[in-house]
Amino acid sequence: MNEKFTMEFDMRGTPVSLLWKHIATPPGLAQWFADQVSLHDKTLTFKWGKNNESRATILASRQGSYIRLHWEGNDEKTYFELRIETSELTSGTTLLITDFADSPNDKESSIELWEHQIDNLKRIIGCI
C-alpha cells in the first residue's frame, strides 16, 4: 500500500521564477536533482552516474506553480509533485513536495533523500 506524504521547505524570499527554473526545466533539475536531465515530449529522463537512469512522465504542470510527475514503472496512482507557494503577508516562498512510499522504511529513506536534495537546491540558488 502506498502512503502519500508531503514535506514543506522554507525557500525564504526566493523569486518564484528562479525556483521554477530549478524544479521544472532539465538544466535546472540537472543542477541539484540528477547528473543529467533531458526532456522528450512529456518524458523527463534522469541520469545518475554512468548506468543509473529513470524516466518520469509529466502528468500536469502550471508555469510558476507546480509540476507533477510519475516515475515509469511505479504504481499508476502514485506521483511526485513539486509545488511553489508564496505568502503575500511575508513575501516568503515555500516549496511543497508530495511523494508516495511503499513502506515506513521507504518513507523514511525518501524523506531523507528529499531533505538532502532540497539542501542542494537551496545552496545552488543561494537560499541558505
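Which residues lie nearest the centre of the largest pocket, and how many residues line the pocket?

Guide: This is a predicted model, in which local features need pLDDT of at least 70 and side-chain atom pairs count only at pLDDT 80 or more, while totals for chains, interfaces and linings use all residues. Residues are numbered from 1 along each chain as its sequence is written, and side-chain values use heavy atoms, with hydrogens and water left out. The largest pocket has 22 lining residues, and Trp-71, Asn-74, Asp-99, Ser-110 and Leu-113 lie nearest its centre. On a 1 Å grid over the protein atoms alone, a pocket is an open set of points where a 1.4 Å probe fits, with protein on both sides within 12 Å along at least five of seven lines; lining residues have an atom within 4 Å of a point. The space in the largest pocket amounts to about 510 Å³, the volume being that filled by probe spheres set on the points, which are joined across faces, edges and corners. At least two lining residues come from each of strand E5 (66–71), strand E7 (93–101) and helix H3 (104–125); helices (H or I, at least four residues) and strands (E, at least two) are DSSP runs, numbered from the N terminus. H3 contributes the most to this lining, namely six residues. Sorted by class, the lining comprises ten nonpolar, eight polar and four charged residues, where Ala, Val, Leu, Ile, Met, Phe, Trp, Tyr, Cys and Pro count as nonpolar, Asp, Glu, Lys and Arg as charged, and the others, Gly among them, as polar.
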